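Visitor: I would like to be taken through this model feature by feature. Where should we begin?

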Amino acid sequence: MPNFIMSYLGSTVTPGEAGSQFWALIYVLIIFAGVSVAVICMNWIERKALAHFQIRLGPMRVGPHGLLQPFADALKLMLKEDIIPAEADQFVFWVAPLIGLLAAFTVYTVIPFGPSQAVSDMNIGILFMLGVSSLGVLGIVVSGWASNSHYPLIGALRSSAQMVSYEVAMGLAVVSAVLMTSLNASGTGTLSMIGIVQAQQQQGVWFIFKFFPLGFLAFVIFAIAMVAETNRAPFDMAEAESELTAGYHTEYSGLRWSLFMLAEYAAMIAVSSIAVTLWLGGWMRPFPNLLHAPAWDFIFSLFPGLTFGGLAAIAMIGAARMPAHSFFRIQRIGLAVFAALLAFSALLLLVIAIAGRSADTSVAARFREGIDYVYWFVLKVAVFMYLFIWYRATWPRYRFDQLMRIGWKVMLPISLGVLLLTAIVGVILP
Amino acid sequence: MPQNYVPIFLFLAVVGVLIPATLLVAKLIRTQSPNRVKLMPYECGIDPYDSARGRYTVRFYIVAILFVIFDVETIFLFPWAVKFKALGTFGLVEMLVFLGILIVGYVWIWTKGALEWV
C-alpha cells in the first residue's frame, strides 16, 4: 500500500493521463465533497455578506454568528414535504434537477487545480468545458416545461434565451485567450486547460495583462457573460422573484429544490475557474518568474498557513468579544472550538510548508507544492465568488429587453472587435 | 489518448449515484400528506384557468436560431486560434473574409430588427 501511494506522489501527470482510474476516482470524490462543502460555506457567506451590505446582522442564532445555519437549512429541506404537482410530467420533473447537477459537476473533470492536480487533462479541455457547462440550460428548460405551470415556463424560456445570448460573447472571449496561447516559438497553441496555464507561465504574463487593454477587455466580457450564464443578479431574470415568484423552480420543494441551488453554485464555481485558468494564471502564485528565488518560494508557501491563522485569529477575537451573558456561553465555547480547529489547520499547513521547503521529490515537498497550487487557485476563485455576492448586493435587476439588447448589440460587437484587434496585434508584433 | 476521457464517466457515475441516494434518504425520513390544493400549479393563490403549455412569443425562436449561427461561427474560430501564430497573416486574412461575411449578416439582422425585443 505505501508503495502504491508513493507511486502516485512521484507522478507528474494527472490521474486521467496516467490511466490510473483508482486515483481518478479518489480525485472525483474529493472534488465532489469539496464543491459541496464550498457550496455550504457560500450559502453562509452569501447570507452574512448580503446582510452586512444592508447593515443587518444576518443569521445569528443557529451556532455562533450563524455558523451552523446551512446545516439547519439542509436538515429542514430534508424533512420538508416533496410536492410534485398533479399535472406535472412526473418523470421529467424528477430528472430535471439531475441533468442540471450532472452538467454543473462534470465540468470539474478538467479544471486544473495544479499541473497534476486535475482529474484529467484533455487536449480539448476548454471546448469540453464550454460544451458541458452550457448543457446546464437543458436542466432549466426541462424543469420549467415539466412543471406545467405559467411561472416556471416563462422563467425557463427567459433563462434559455439569456444563456444562449451570452454564450456567443463568452465563446468569442475564450477564443481570444486561446489565440494568445499560440504566441510562442512553435506557433501552436492549445485548448488543454493545463496547457493554457503553462502557456501563461512560459510567456511570463497573465493573459489579462497581455496586449493591454485587449486581454483585459476580453476578461471583462467573460466576467459579465459568466454572471448572465449562471443566472445571477443583476441578470437573474429567470428567477426574478418580483415578477415570476421563483422562475423555473417555482414548483420544486424540499431537497429537490436544493439540488437546483447546488447546481447553480457549482456552476458559479466552475465558470469562475474557467476565468481564473484563462486570464488569471490558474494555479500560479504571484510573480512566479520574477521572484523565482527559493527564498521567495518559501515565503509564498507560508501563505496558506497564514491565511488559516488569520481566520483563526478573527474567530478567536469574535469569541472574546461575545457578551458576557450566560446565554452566550455555549456560543462562545463553540466559536472558540472553531477557532482552535482553524488554528490547528494553520499549524499543520505551516509544518508542511517548513518540512517541504526544499524543492526535491520528497513526500513533504510534493505535499507542499500541491497545497500551494490548490491554495492560489482557490483564492482566485474565491475572489470571484465574493464578486458574485457584491454584484447581487449592489446592482438592480435588468429588464429582459435591456438584457437581450446588451447581449446582442453591445457584448457581441465588442467581443468580436477585441478578438480581431488581438489577432491583428498578434500578427504585427513579432 | 482515450484514457483521458474515462474520468468523465467516473464523474457522471459518482454524481448519478450519490444524488439519488440522498433523495432516497430524504424520502425515507420526511412526511408526505398531499392533497388536491397542494398539488395545484402555483399561481399566487389564484386558481389556474388554462394549461401552461400554450403559446409564447416567437422572439425566443429567433434568439435560438441566431445563437446556432453565431455559436457555430465561434466553434469554427477555435482551430484557427490554436494554430494562429503558425498560420500568420494568411490565416488572419482568411478569417477576416469569413468574419466579414458574418458581420454583413449581423448588420442585416440588426437593420431587420431581429435583435429588438419588443
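Guide: Begin with the contact between the chains. In this predicted model, 70 residues of chain A are in contact with 53 residues of chain B.

Visitor: Which helices of chain A each supply at least two residues of the side that touches chain B?

Guide: They are α2 (15–18), α3 (21–53), α4 (69–79), α5 (90–106), α8 (150–181), α12 (254–279) and α17 (400–428) of chain A. The largest share of that side, 14 residues, comes from α8(A).

Visitor: What confidence values does the predictor give the complex?

Guide: The complex has an ipTM of 0.88 and a pTM of 0.90.

Visitor: And how does one read the per-residue confidence?

Guide: Where pLDDT is low, the predicted coordinates should not be read in detail. Chain B averages a pLDDT of 84, and 98% of its residues score at least 70. Among the elements of chain B, the lowest mean pLDDT, 86, belongs to helix α1 (residues 6–29) of chain B, and the highest, 89, to helix α3 (residues 84–112) of chain B.

Visitor: How many helices and strands does chain A have?

Guide: Chain A has 17 helices and 0 strands. Its radius of gyration is 23 Å, close to the 22 Å that the globule rule gives for 430 residues, so chain A is as compact as a globular protein of that length. Along the principal axes, the C-alpha atoms of chain A fill a box of roughly 65 × 65 × 45 Å.

Visitor: What share of the residues of chain A count as buried?

Guide: Of the 430 residues of chain A, 48% count as buried. As for contacts in chain A between residues at least 6 apart in sequence, 76% join residues at least 24 apart.

Visitor: Let us turn to the backbone. Which residues does a cis peptide bond join?

Guide: The cis bond joins A:Phe212 and A:Pro213, with omega at about 5 degrees. A:Pro213 is placed in the loop between α9 (193–203) and α10 (214–229) of chain A.

Visitor: Why does A:His65 count as buried?

Guide: Because A:His65 has 22 C-beta neighbours inside 10 Å, and the cut-off for a buried residue is 20 or more. A:Asn231 counts as buried too, with 25 such neighbours.

Visitor: Is A:Gly187 buried or partly exposed?

Guide: A:Gly187 counts as partly exposed, with 13 C-beta neighbours inside 10 Å. Its place is in the loop between α8 and α9 of chain A.

Visitor: What is A:Gly187 in contact with, leaving aside its neighbours within four places in sequence?

Guide: A:Gly187 is then in contact with A:Ser182, B:Lys85 and B:Ala86. A:Ala161, 26 residues from A:Gly187 in sequence, is 37 Å away in space, C-alpha to C-alpha.

Terms used: Residues are numbered from 1 along each chain as its sequence is written. Chains are lettered from A and ligands numbered from 1 in the order in which they are written. This is a predicted model: local features need pLDDT of at least 70, side-chain atom pairs count only at pLDDT 80 or more; totals for chains, interfaces and linings use all residues. Two residues are in contact if their C-beta atoms, placed from the backbone, lie within 7 Å. Helices (H or I, at least four residues) and strands (E, at least two) are DSSP runs, numbered from the N terminus. A residue is buried if 20 or more other C-beta atoms lie within 10 Å of its own, exposed if 12 or fewer, and partly exposed in between; C-beta atoms are placed from the backbone. The radius of gyration is taken over C-alpha atoms; the globule rule is 2.2 Å times the number of residues to the power 0.38. pLDDT is the predictor's confidence in each residue, from 0 to 100.
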